[in-house]
Amino acid sequence: MTIAGLRRELPLCPINDKLDIAAFVMFGDVEITVAAARDLLEKAPEFDIILTPEAKSIPLAYEMSRQSGKPYIVARKGMKLYMTDPIEVAVKSITTANVQHLFISSEEADRLMGRRVMIVDDVISTGESLKAVEALIAKSGGTVACKVAVLAEGDAAQRDDIIFLEPLPLFFKED
């Protein structure tokens with residue numbers, strides 16, 4: 001598929017007996033990370049700060065921060081010793097087997113308060129990760145400025161509340 005003007009082959013991964021998804025992993029692909037960050041920033045409205053869930057979208061959030069000059073925060077999947085009075089939300093994603101939790105520290109929550117927050121992810125599928133990040137923003141007193149992703153998978157490509165570069169189809173298996 002072509003993403004941000006760059007051609008990439010995405011391997012198919014089985015989710016179950018009826019469905020495969022194409023795996024998009026930005027880790028290590030600097031060229032696509034830089035190009036996707038540029039193209040998403042061109043489409044995005046005004047924002048003050050970036051928030052991304054750990055882990056695959058961290059390079060994208062970093063690059064969007066670098067290009068825009070705006071700070072970014074990572075919602076961590078585990079509680080860290082340095083986090084004081086953390087805020088926590090639960091999330092169940094299509095690509096993980098169990099319910100996960102996202103955390104930000106009270107200091108990070110203070111940085112979100114009253115700010116227009118851009119949520120950044122690599123792929124939006126069911127939207128469960130988005131809901132969790134939106135809950136962190138709400139608990140912190142911030143406002144969601146926009147939700148952006150490189151790819152919108154399946155039905156997510158029909159949503160009008162997200163900004164994305166390309167649709168990513170689902171691959172249904174025949175019986």
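Where in the chain is the place of alanine 4? In this model, which is a predicted one, alanine 4 sits in the loop between strand E1, residues 2–3, and strand E2, residues 6–7. I start there because alanine 4 has a positive phi of about 55° although it is not a glycine, and most residues other than glycine have a negative phi. Alanine 4 also counts as buried, because its relative accessibility is 13% and the cut-off for buried is under 20%.

Let me step back to the whole chain. There are four helices and 12 strands in it. The radius of gyration is 16 Å, close to the 16 Å that the globule rule gives for 175 residues, so the chain is as compact as a globular protein of that length. If you look along the principal axes, the C-alpha trace spans about 50 × 35 × 30 Å, and of the 175 residues, 47% count as buried. When we take the contacts with a separation of 6 or more, 62% of them are accounted for by residues 24 or more positions apart.

Now to the interior. In soluble globular proteins, nonpolar side chains tend to be buried together. Here the largest nonpolar core has 28 residues, and those that touch the most other members are Leu60, Met64, Met118 and Val150. At least two residues of this core come from each of helix H1 (30–43), helix H2 (58–68), strand E9 (116–124), strand E10 (143–153) and strand E11 (163–168), and H1 gives the most, with six residues. Taking leucine 60 as an example, and leaving aside its neighbours within four places in sequence, we find it in contact with Met26, Thr33, Ala36, Ala37, Leu40, Val120, Asp121 and Val150. There is also a second, separate core of 25 residues, which includes Ile49, Val91, Leu102 and Val117.

Next, please find helix H4, residues 128–140. At 1.5 Å a residue, its 13 residues should span 18 Å, and the end C-alpha atoms are 19 Å apart, which agrees. The buried residues of H4 are Leu130, Ala132, Val133, Leu136, Ile137 and Ser140. Seen down the helix axis, these buried residues fall within an arc of 165°, so they line one face of H4. The face of H4 turned away from the buried side carries the exposed residues Ala138 and Lys139. After H4 comes glycine 141, whose phi is positive, near 85°.

Finally, I would like to compare two positions close together in the sequence. Is lysine 18 buried, exposed or partly exposed? Lysine 18, in the loop between strand E3 (12–14) and E4, counts as partly exposed, because its relative accessibility is 46%. Its C-alpha atom is separated by 20 Å from that of proline 167, which lies 149 residues apart from it along the chain. Aspartate 20, by contrast, has its place in strand E4, residues 19–22, and is buried, with a relative accessible area of 15%. The side chains of aspartate 20 and lysine 173 are joined by a polar contact of 2.9 Å. Not counting residues up to four places away in sequence, aspartate 20 touches Leu12, Cys13, Pro14, Ile15, Leu170, Phe171 and Lys173.

Notes:
Residues are numbered from 1 along each chain as its sequence is written. This is a predicted model: local features need pLDDT of at least 70, side-chain atom pairs count only at pLDDT 80 or more; totals for chains, interfaces and linings use all residues. Side-chain values use heavy atoms; hydrogens and water are left out. Buried means under 20% relative accessible area, exposed over 50%, partly exposed in between (1.4 Å probe, protein chains only). A polar contact is a pair of N or O atoms within 3.5 Å; within protein, one must be able to donate a hydrogen and the other to accept it, and residues adjacent in sequence count only if both atoms are side-chain atoms. Contact means heavy atoms within 4.5 Å. The expected span of a helix is 1.5 Å times one less than its number of residues. The arc is that of the directions from the helix axis to the C-beta atoms. A nonpolar core is a set of buried Ala, Val, Leu, Ile, Met, Phe, Trp, Tyr and Cys residues joined through side-chain atoms within 4.5 Å. The radius of gyration is taken over C-alpha atoms; the globule rule is 2.2 Å times the number of residues to the power 0.38.
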